[in-house]
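User: I would like to learn how to read aromatic pairs and nonpolar cores in a protein model. Could you take me through them step by step?

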Amino acid sequence: MSGDAERAMTKHGLLNLALEATKDRGLNYGRPADNFRRIARLWNAHILNRYGDGFGGDTTISVPALDEVDVALMMDLMKTARLENAPAHLDSWIDKAGYTACGAEIALEKERRSFNPPAPSEGDGLPSHFIGAMGE
């Protein structure tokens with residue numbers, strides 16, 4: 001996008017660009033909820049591998065289990081950090097809008113499903129504080 005087009009950008013124009021950016025993502029990454037759930041599992045595995053059952057070896061502190069909503073929020077925060085360095089970088093604003101939209105959709109669907117929760121899974125051998133937050 002040219003500098004003139006960026007200067008003329010409106011909130012509606014930005015949201016339209018975010019809509020376009022999120023339309024075909026499923027072709028490559030799958031549904032946002034599924035993709036974010038996979039990311040959460042990887043991040044949880046990393047946290048478990050890196051810190052064990054407690055931060056810094058302190059087992060009195062539980063390692064939080066992240067879910068797909070956390071992924072949406074944390075990806076938004078990553079874009080925020082990038083914007084702190086370059087506030088006029090339009091692509092980061094577009095991505096933030098996309099992550100926000102995906103996160104809202106996922107959170108609302110999770111809330112809707114909470115009235116009819118699926119049967120619990122075994123949790124693939126993860127510590128009990130990870131089970132249930134894995135989105136299964």
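Predicted model: local features only at pLDDT ≥ 70, side-chain atom pairs only at ≥ 80, totals over all residues.

User: How is a pair of aromatic rings described, and how many aromatic pairs are found in the whole structure?

Analyst: A pair of aromatic rings is described by the distance of the centres and the angle of the planes. A search of the whole structure finds one such pair. The ring centres of Phe36 and Tyr99 are 6.2 Å apart and their planes meet at 40°, so the pair counts as tilted, since this class lies between stacked, under 30 degrees, and edge-to-face, over 60.

User: Which parts of the chain does the pair link?

Analyst: The pair links distant parts, with Phe36 in helix H4 and Tyr99 in helix H6, 63 residues apart. Phe36 has a relative accessible area of 5% and Tyr99 one of 19%; because buried means under 20%, Phe36 is buried, and Tyr99 is buried.

User: Which residues make up the largest nonpolar core?

Analyst: In soluble globular proteins, nonpolar side chains tend to be buried together. Here the largest nonpolar core has 10 residues, including Phe36, Ala72, Met75 and Tyr99. Helices H4, H5 and H6 each give two or more residues to this core, and the largest share, four residues, comes from H5.

User: Is Lys79 buried or exposed?

Analyst: Lys79, which lies in helix H5, counts as buried at 7% relative accessibility. Leaving aside neighbours within four places in sequence, Lys79 is in contact with Ser92, Asp95, Lys96 and Tyr99.

Conventions:
Residues numbered from 1 in each chain as written. Heavy atoms only, no water. Phe/Tyr/Trp six-rings, centres within 6.5 Å; stacked < 30°, edge-to-face > 60°. Buried < 20%, exposed > 50% of the residue type's maximum accessible area, 1.4 Å probe, protein only. Contact = heavy atoms within 4.5 Å. Core = buried A, V, L, I, M, F, W, Y, C linked by side-chain atoms within 4.5 Å.
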